Amino acid sequence: MTRIKKTRTSGPLGTRHRPAEEARQDRTRAPETKKKGAGLKSGSRHSPSAEDKQKQSGKGSKDPRHGSKKPIALVVTEAEQKLMAQPKQFKPVVQLSKAKEPEMPPEQELALLENDEKLLELLDLVDKGEILTGKDAKYFNAKTARHAELVALLGLDQDDEEEDQDPLAKLERTDWRKEFLGE
């Protein structure tokens, strides 16, 4: 295809002026038809429609308020007075009791206490000389008391075991100077 150079002017400079008679001949009138209805009549939401009239004739006049239309007695009847005069019984139907933790053997509970990480950390802090406060102190006191109970229950007093295992420890603890020198 050969190249055509672009120009600024394209075609004739303007449309030809036609005489009025020619223009009238070209123009053909559309046959006049009735307009199609494109929607509802103006003001239709305020005026009642034919369907609404049919509904109202069947039921009568409809109350625009919502809710129950049942009449409520404003005066207390004799039956209601008798019910109100009777003393109300507030007896609980169900007995409530505190939930109990599942019981485990004392040996197992003692092992859990001795392996409790939080208790071991708090024990280290107490050994360092720090003072526990608040929840930590409460937790520490409760767990150490339970530990002492379990040790006594199982007969694992640590002080007695040390004396039984090391008979020379008793001799080392006695102060011989008082006996021999009379000090």
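## The largest pocket

In this predicted model, the largest pocket holds about 320 Å³ of space, where a pocket is an open set of points on a 1 Å grid over the protein atoms alone, reached by a 1.4 Å probe and with protein on both sides within 12 Å along at least five of seven lines. Grid points are joined across faces, edges and corners, and the volume is the space filled by probe spheres set on them.

The lining, meaning residues with an atom within 4 Å of a point, consists of Glu101, Pro102, Glu103, Met104, Glu109, Leu112, Leu113, Asp116, Tyr139, Lys143 and Arg146. Two or more of these residues come from each of α4 (106-114) and α6 (134-154), helices being DSSP runs of H or I with at least four residues, and strands runs of E with at least two, numbered from the N terminus. By class, five lining residues are nonpolar (Ala, Val, Leu, Ile, Met, Phe, Trp, Tyr, Cys or Pro), six are charged (Asp, Glu, Lys or Arg), and none is polar (the others, Gly among them).

## The nonpolar core

The largest nonpolar core has nine residues, namely Leu110, Leu113, Leu119, Leu122, Leu132, Ala137, Phe140, Leu150 and Val151; such a core is a set of buried Ala, Val, Leu, Ile, Met, Phe, Trp, Tyr and Cys residues joined through side-chain atoms within 4.5 Å. At least two of its residues come from each of α4, α5 (117-128) and α6, and α6 gives the most, with four.

Phe140, which lies in helix α6, counts as buried because its relative accessible area is 13%, the classes being buried under 20%, exposed over 50% and partly exposed in between, with a 1.4 Å probe and protein chains only. Beyond its neighbours within four places in sequence, Phe140 is in contact (heavy atoms within 4.5 Å) with Leu119, Leu122, Leu123, Val126 and Leu132. The C-alpha atoms of Phe140 and Leu122 are 6.9 Å apart, although the two residues are separated by 18 residues along the chain. Leu119, with residues up to four places away not counted, touches Leu113, Tyr139, Phe140 and Lys143.

## The chain as a whole

The chain contains nine helices and zero strands. Of its 183 residues, 7% are buried, and among contacts with a separation of 6 or more, 42% join residues 24 or more positions apart.

## Basis of the values

Residues are numbered from 1 along each chain as its sequence is written, and side-chain values use heavy atoms, with hydrogens and water left out. Local features need pLDDT of at least 70 and side-chain atom pairs count only at pLDDT 80 or more, whereas totals for chains, interfaces and linings use all residues.
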